[in-house]
Each structure stands twice: as C-alpha cells, then as structure tokens.
Amino acid sequence: MKFFKKYILIKALSLILIFSFLITLSLTLFFSKQMENRLINDLKNKTKTLSKIGARLVGNALEFAIRSKILTKQDLFDTNYQEINDPRFILKRYHTRYDFYTDVELLRIQDEFLRDPELVYAYAMDQGGYIPTHNTVFQKPLLPNTSENNRKLNFNRNRTKIKYNFDGNTSEDRVASRCSVNRIIGYIQKYKRYTGKMLWDVSSPIYVVGQRWGSFKIGVSLDRVNAMVNHVQRMFIIGGFITFLVFVLVSVLILHIMVLTKVRKINNKIKIIAEGDLSLRTKVKGNDEIGQTLTNLNAMTDSLDNIISEVYNGTE
C-alpha cells in the first residue's frame, strides 16, 4: 500500500488500467453484439432466400410434369396415401401417384441445396405433411431385420415418404402443422429435432398452377450458428484485449515521457535547492502545468536568494 501511495506512476497507471479496461470491455461487447446480430440476420436472409428459390424450383418441376403429361394435376394433388407395408419402419411410409416422379426430379433439386454446409435438410412437403422424397443422405439402406434396435436405426437412417401427424405431440409434427398453413416466404421456426439438436426450420409455400401444393423446407443447425457466433465473439475479445494492451502501453509511454520524467527533474532540482544551492535555475519550456511549476520554482529560488543576501548584508 505504501508503494502505491509513494509513486505517482503507479497511481496513474492503475487509473488508466481500470478505465481503459472498462471502456475496452464495453466497446468489445457492443461491437460483438452488433456483429452477432448482423451475422444472424444475414443467415436468416440467406435461408429465407434459399427456401424461396427451392419452392419456386419445385413448383416449376411439378408444373413441367403436368405440361409434359407425365402427371395430371389430380395426380400431383393426390392425398390417397398408400401405406407401404414394411415391418422395418417405426413410422408409417406411403406412396402416392406422383412420388415416382419426385424420387428423380425433386431429389436432384433438393440435394443441390445440401452443398451448403450450413443446411441439414432441404425437401418438399405437401399440404398433408407428406414427404414424397427426402434428401439422399436421409435415404440410407434399411437394416435387414425387424428388431427394435434396428427399427430405431432405420428411423434415423431413412426418413423418406413419411407423413407428419398434425395432431401429434412431437416438435416436428407441430412444426409441420404450422408450416402447412403458412403463406409467408421464409417462415422461420425454432425447434428440437428428433436427434436432439436445435434447428431453424425455414419454409416457403410451393404453388402449382396457381394452387398451393405444399412447402419447401430447409433446416439450419443452431449448433453451427452458435459456433459461428462464438467464433466472432472470440475474435472480438482477442481484438479487444490486444487493443487494451496497446492502449495501456501507449498511455504509460506518454505518461512517462510527458509527465514522470519532468516531475523527476523537478524533484531533483528541489533536492539541490534544499541542500543550499540557490544558484540553480531551470530552463522553462512550455506553459503547461509543469512549465508553470518550474517558473514558480525559479521565482521561489530567486526570492530565497534575495532574502539570504539581505540577511547576510544586514549582518555586516
């Protein structure tokens, strides 16, 4: 404590450290939050645009099937879902009159979206919550037997041709239900997937010959979003820490050159005067506080010298 009280540099440095730390911390948090919000908004805008593009591409592909007489409009809006009898499934799977077409044409469109590493899935779902064709990555070969463990593995490995239950209690059922009535382009829902991971589900309505057919849905992993945000925060923290160190070093250097060195010179001159040498005069540079102190010191020395001379002359 005595050391702290004794040296002015330590006092000044302590105040500089405290205030510069608080200022740097505040600025770091502010700009980090700004960048985080910008990153999230950019990602939301990107996924909204992708879902819009996907919905348009799927709509065009389905309309092409009608124009080419591959399918009729009645085929595309078929809701007579034919259950696939396969004991290896936990969830029921279905065929429709049009899924042979989507297994080729829509699969190619949907898989292109997964070239983006931020996307988990990208698929079309009809108005009834039916997924005629999932991405290739979710169409892995089924395990051969019907054991409970294999059926659970099949549930994760193969998700194509399932139909969501709008009255179900799972988060995916609720997301699909809200998606089925959505008319907003780039409608974002946050939910926990069956894998336990948090996702954004971003959907846009699909229209075929002017009538709503379903939705195009893409999934964005929030783990990846959080990783991106954490990376930005780390970069700002590191940058803020470096800025803090540079600011402190520059402040110490300026304090040492502009204040401490001059104060030490004044202190040395006062010691010389205290030892009885009144012949010393200090050259004054500048009119700041230290310059004024040196001027006053010279004046005090002159006064002391005059007083001593008068006393000495009076004794003669």
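## A first look

How many helices and strands are there in the protein? There are nine helices and six strands, where helices (H or I, at least four residues) and strands (E, at least two) are DSSP runs numbered from the N terminus. This is a predicted model, in which local features need pLDDT of at least 70, side-chain atom pairs count only at pLDDT 80 or more, and totals for chains, interfaces and linings use all residues. Residues are numbered from 1 along each chain as its sequence is written, and side-chain values use heavy atoms, with hydrogens and water left out.

Of the 316 residues in the protein, 38% are buried. Here buried means under 20% relative accessible area, exposed over 50%, and partly exposed in between (1.4 Å probe, protein chains only). Take the contacts (heavy atoms within 4.5 Å) between residues at least 6 apart in sequence: 62% of them join residues at least 24 apart.

## Inside the protein

The largest nonpolar core has 30 residues. Such a core is a set of buried Ala, Val, Leu, Ile, Met, Phe, Trp, Tyr and Cys residues joined through side-chain atoms within 4.5 Å. Leu62, Ile206, Trp213 and Phe216 have the most contacts inside this core. Two or more residues come from each of helix H2 (8-67), helix H5 (105-113), strand S3 (119-126), strand S5 (198-208) and strand S6 (211-221), and H2 gives the largest share, eight residues. Apart from this core lies another, of twelve residues, including Tyr123, Met125, Phe138 and Val175.

Let us zoom in on one residue. Leaving aside residues up to four places away in sequence, Ile206 touches Ala55, Val58, Gly59, Ala124, Gln211, Arg212, Trp213, Gly214, Ser215 and Phe216.

## One side of H5

Which residues are buried in H5? They are Leu106, Leu107, Ile109, Gln110 and Phe113. These residues lie on the same side of H5 because they cover an arc of only 165° around the axis, taken from the directions from the helix axis to the C-beta atoms.

Leu25 lies in helix H2 and counts as partly exposed because its relative accessibility is 39%.
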